[in-house]
Every structure is written in C-alpha cells, then in structure tokens.
Amino acid sequence: MIARNEHSMGPFRISVPKSYDAAPERVFGAWTDPASARDWLAEGGDVVMDPRPDGLFYLGLLHGGRPRPHYGRYLRVQPPRLLEFTWVSENTHGKESVVTIEFTPRAGGTDVRLTHEGLPDEKMAMAHTQGWTYFLDTLAVRVA
Amino acid sequence: MSKLDLAFAALADPTRRRIVAHLTRGETRVTDLARPFAMSLNAVSKHVKTLERAGLVRRTRRGREHFLKLRAQPLRDVADWTAQYERFWTRRLDALGGFLARQKESRDDRPQ
C-alpha cells in the first residue's frame with residue numbers, strides 16, 4: 001500500500017454519506033473517468049487523471065469564474081469498491097489531506113461514504129490526537 | 001495570528017481540550033479545575049491563560065475566587081471552518097447524482 005504522509009496531515013476529519021440509484025461500477029467510474037469528472041467534479045475545468053496507485057491527478061475546479069488548482073496522488077484504486085487519494089489545495093495550505101471513498105452496493109444502487117481527513121489546522125506542527133473529531137463534534141452540539 | 005489560529009493553537013493541546021470539555025458542564029472555580037487533572041494550580045493557570053488569550057474562556061474574580069466560563073463563539077468558528085469542507089463535498093456528491101441521472105437518460109435515449 002502506498003504510504004500516506006502522516007506528518008503533513010492535520011487533525012480534522014469529516015465524513016459525508018450519499019446514496020445513488022446507479023451501480024457501483026458507474027458511480028466509481030464517474031470518479032476515475034476524466035470526461036465524467038470534468039462534468040460534475042471540476043464543473044468544466046481542466047482534468048488530468050492517472051487513476052492507479054501513485055498516479056497523479058489535477059483538477060482546475062472552476063469557482064467564481066476562475067480555476068482553483070486541486071491536485072493529489074492516488075493511494076488506493078480498487079474498482080468498484082474503494083478509491084483513496086491525497087488532496088492538496090490552497091485551503092490545505094499545500095499540505096496533503098486524504099480523501100477515502102467507499103462504494104457499497106445495495107439493491108438498485110450504491111451507498112457512498114466520503115471521508116476527508118488530515119484537514120490542516122493553521123499550525124501544521126501540532127500533533128493530531130485520537131478522539132479529536134469526537135471532541136469537536138460533541139462540543140459543536142453542546143455549544144450550538 | 002487570527003482569532004481562529006489562536007483557537008486552533010489553544011485546542012491543539014489535549015489537556016486544554018479536557019479543560020474545555022470540563023467547562024461545558026458550567027462555570028468552574030480554577031481551584032476545582034486543578035483537582036481532576038492532578039496538576040498544580042500553577043500548571044492549570046498557564047493552560048487557562050492560553051485559553052483566555054484565544055477567547056475560549058472568560059475568567060471572573062469574585063472575592064478571592066477565580067471562576068472560569070466557556071465562551072462559545074470561537075468554538076463555533078472552529079466548527080464552521082470544518083463545515084466548509086463538508087459543504088464542499090456535499091455539493092460535489094449532489095452534482096455527481098445529477099451527472100449519473102443525465103448519463104442514464106442519454107443512455108435510455110440511445111436508439112436500440
């Protein structure tokens with residue numbers, strides 16, 4: 001397995017579930033086919049992809065009329081069940097965060113869970129700690 | 001450093017996170033805070049100062065006692081910051097749903 005660069009990773013993690021009425025092969029393919037990704041992910045911006053472990057991708061996500069560079073390398077490519085890549089953007093301050101997408105088949109469709117972890121804080125030297133996400137979630141609820 | 005930077009920096013320390021978690025139960029005397037953490041009052045005071053600078057807690061003095069209270073806004077800012085990513089991916093995953101639906105339609109339209 002391709003190693004993550006744990007030292008450059010921040011302490012934050014988010015997880016987003018989504019359900020689709022399409023087979024895992026099609027949902028997975030929409031992530032790894034450049035023409036498809038150009039349509040829904042990059043919103044018409046430039047897409048370069050080499051979906052194999054350590055292959056690179058570049059997305060010029062169009063946002064507010066100008067391309068925002070996002071790039072990374074694939075860590076795990078296991079069609080049609082698992083896709084994992086690093087994610088670098090101006091928001092990650094040039095550091096690698098990691099996006100993991102799990103595709104679980106169900107009757108007539110696919111359940112997807114996208115997890116984005118290693119989101120950087122403003123001080124990358126900080127050690128990330130177990131339980132931090134739980135802490136933040138609990139706190140967000142309590143202070144809401 | 002911005003307010004958010006200070007909040008992140010203050011919360012990067014596990015002891016300070018435990019202090020903040022403790023304060024979610026309500027106002028606490030600084031002396032009572034030292035006890036469950038098995039720390040000297042001096043050590044606790046240092047952590048409290050860092051939290052104060054980040055605007056995460058407010059210290060009030062009544063007589064000889066110092067009381068600590070949690071301030072919610074910086075914590076909300078931290079939560080909002082991570083929520084930006086959640087919104088980004090939620091929008092993108094929704095867009096993928098639209099794409100898959102269009103793809104299916106154009107397939108169905110194809111002459112048999």
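A residue counts as buried when its relative accessible area is under 20%, as exposed when that area is over 50%, and as partly exposed in between, with a 1.4 Å probe and protein chains only. The model is predicted, so local features need pLDDT of at least 70, side-chain atom pairs count only at pLDDT 80 or more, and totals for chains, interfaces and linings use all residues. Residues are numbered from 1 along each chain as its sequence is written, chains are lettered from A and ligands numbered from 1 in the order in which they are written, and side-chain values use heavy atoms, with hydrogens and water left out.

**Exercise 1.** Describe the make-up of chain B, beginning with the share of its residues that count as buried.

*Solution.* Step one: chain B has 112 residues, and 40% of these count as buried. Step two: helices (H or I, at least four residues) and strands (E, at least two) are DSSP runs, numbered from the N terminus, and chain B has five helices and three strands. Step three: along the sequence these elements follow the pattern α-α-β-α-α-β-β-α.

**Exercise 2.** Find the strand that holds A:His70, decide whether A:His70 is buried or exposed, and list the residues that it contacts beyond its neighbours within four places in sequence.

*Solution.* Step one: A:His70 belongs to strand E4 of chain A, which covers residues 66-78. Step two: A:His70 is buried because its relative accessibility is 9%. Step three: with contact taken as heavy atoms within 4.5 Å, and with neighbours within four places in sequence left aside, A:His70 touches A:Phe57, A:Tyr58, A:Leu59, A:Leu61, A:Trp87, A:Val88 and A:Ser89.
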